[in-house]
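Subject: Structure handover

Hello,

Here is the structure we talked about handing over. Please look through the model first, then read the notes below.

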Amino acid sequence: MHHTILLTKAMTNLLKFIGVIGFLSAYLLQISRASVVSTGDFNKDFFVTWSPSHVNTSEDGKARSLKLDQESGAGFSSNQMFLFGQLDMQIKLVPGDSAGTVVGFYMASDQPNRDEIDFEFLGNVSGQPYILQTNIYADGSDNREQRIYLWFDPTKDFHTYSILWNLHQIVLMVDSVPIRTYRNHANEGVPYPRWQPMSIKISLWNGDSWATRGGQDKIDWSQGPFVASFRNYKIDACVWNGNPRFCRAGSPTNWWNQKQFSTLTSIQRRLFKWVRNYHVIYDYCQDNQRFQNNLPKECSLSKY
């Protein structure tokens with residue numbers, strides 16, 4: 001009888017232990033599932049959102065191009081939505097006279113009070129430099145445009161454009177050079193994208209009402225069709241599963257939330273200052289006229 005009671009207790013403890021291990025395994029599995037390293041195959045990670053006839057994908061799925069003509073532009077979007085992480089996309093922009101064309105590479109939450117992180121490449125007449133415009137929507141408000149001239153011709157070859165988005169900061173990078181930061185100053189009353197998942201979107205479209213010299217230079221359709229190319233993308237981000245807790249956790253899988261990614265490194269700061277000093281052509285934080293001398297609050301707060 002005594003042996004039976006001890007055996008029953010031992011079995012109960014063993015089952016409890018197995019239960020705890022099972023729970024931990026399930027939790028860790030969910031955490032590990034939260035992060036994805038992309039397949040590198042556009043057909044597997046993205047779906048075409050409009051004008052499939054203007055989307056051309058290589059046989060192995062590793063490269064894709066979009067075409068703009070008088071009939072239509074085109075676009076595609078990620079199958080998954082993400083909350084924090086880093087994504088890289090290699091892009092070669094529309095060559096030649098690209099005035100009026102816009103290539104978009106961005107993340108968006110698709111909510112009325114939407115969050116969005118934008119790269120927009122504004123075409124130009126032949127011989128003039130491309131303009132890279134960035135913008136950030138936080139909780140439905142935007143008006144945070146910055147514009148830079150790139151230090152290379154983005155139509156000659158592929159370059160890597162990256163978004164790092166975590167609990168602490170958003171960093172937009174070109175070939176690993178940080179061109180823009182947007183810090184989490186939510187405790188100061190500044191809106192910051194931190195709760196809504198976002199999908200990745202790519203598009204090529206006619207923006208000649210505003211894109212080039214405020215809409216003065218229209219698309220010259222005789223120069224078309226206009227083609228932008230994409231390849232070698234990488235998505236390392238927290239896949240949205242309906243529970244922000246997993247994406248906000250500081251687990252080894254969610255490397256982007258770790259302390260070393262909470263601000264720019266010393267090398268990144270030097271590069272960032274170089275971009276600010278020599279390549280910025282418009283910054284909303286310097287546009288007193290637009291904001292009637294009442295600049296948004298984040299303009300006076302730390303950038304890194």
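Start with Ser51. Leaving aside residues up to four places away in sequence, Ser51 touches Ser72, Gly73 and Ala74; contact means heavy atoms within 4.5 Å.

Before going on, the basis. This is a predicted model, so local features need pLDDT of at least 70 and side-chain atom pairs count only at pLDDT 80 or more, while totals for chains, interfaces and linings use all residues. Residues are numbered from 1 along each chain as its sequence is written, and side-chain values use heavy atoms, with hydrogens and water left out.

Back to Ser51. It is found in the loop between β2 and β3 (55-57). Helices (H or I, at least four residues) and strands (E, at least two) are DSSP runs, numbered from the N terminus. Ser51 counts as buried because its relative accessibility is 15%; buried means under 20% relative accessible area, exposed over 50%, partly exposed in between (1.4 Å probe, protein chains only). A polar atom of the Ser51 side chain lies 3.3 Å from the backbone oxygen of Gly73.

The chain as a whole:
- It has four helices and 16 strands.
- Of its 304 residues, 49% count as buried.
- Of the contacts with a separation of 6 or more, 67% are between residues 24 or more positions apart.

Eight strands form an open antiparallel sheet, in the order β2-β5-β14-β7-β8-β9-β10-β16. Two strands pair if DSSP finds at least two bridges between them. The edges are β2 (46-50) and β16 (280-283), each pairing on one side only. From one strand to the next, the twist averages 15°. Helix α4 (residues 266-278) packs on the sheet and touches β10 and β16; its direction makes about 85° with that of β16. Axes are lines fitted to C-alpha atoms, for helices over the stretch in contact, and angles run from 0 to 180 degrees between N-to-C directions. Four bridges join β9 to β10 (residues 146-149), and the two run antiparallel. Thr134 has Gln146 in β10 as its bridge partner.

Last, Asn124. Which UniProt annotation covers Asn124? The unreviewed entry gives "glycosylation site"; such annotations may be inferred rather than shown by experiment. Asn124 sits in the loop between β8 (116-122) and β9 (131-137). Is Asn124 buried or exposed? Asn124 counts as buried, because its relative accessibility is 10%. Not counting residues up to four places away in sequence, Asn124 touches Gly96, Asp97, Ser98, Ala99, Pro129, Thr212 and Asp217.

Best wishes

Conventions: Polar contact = N/O pair within 3.5 Å; in protein donor to acceptor, adjacent residues only side chain to side chain.
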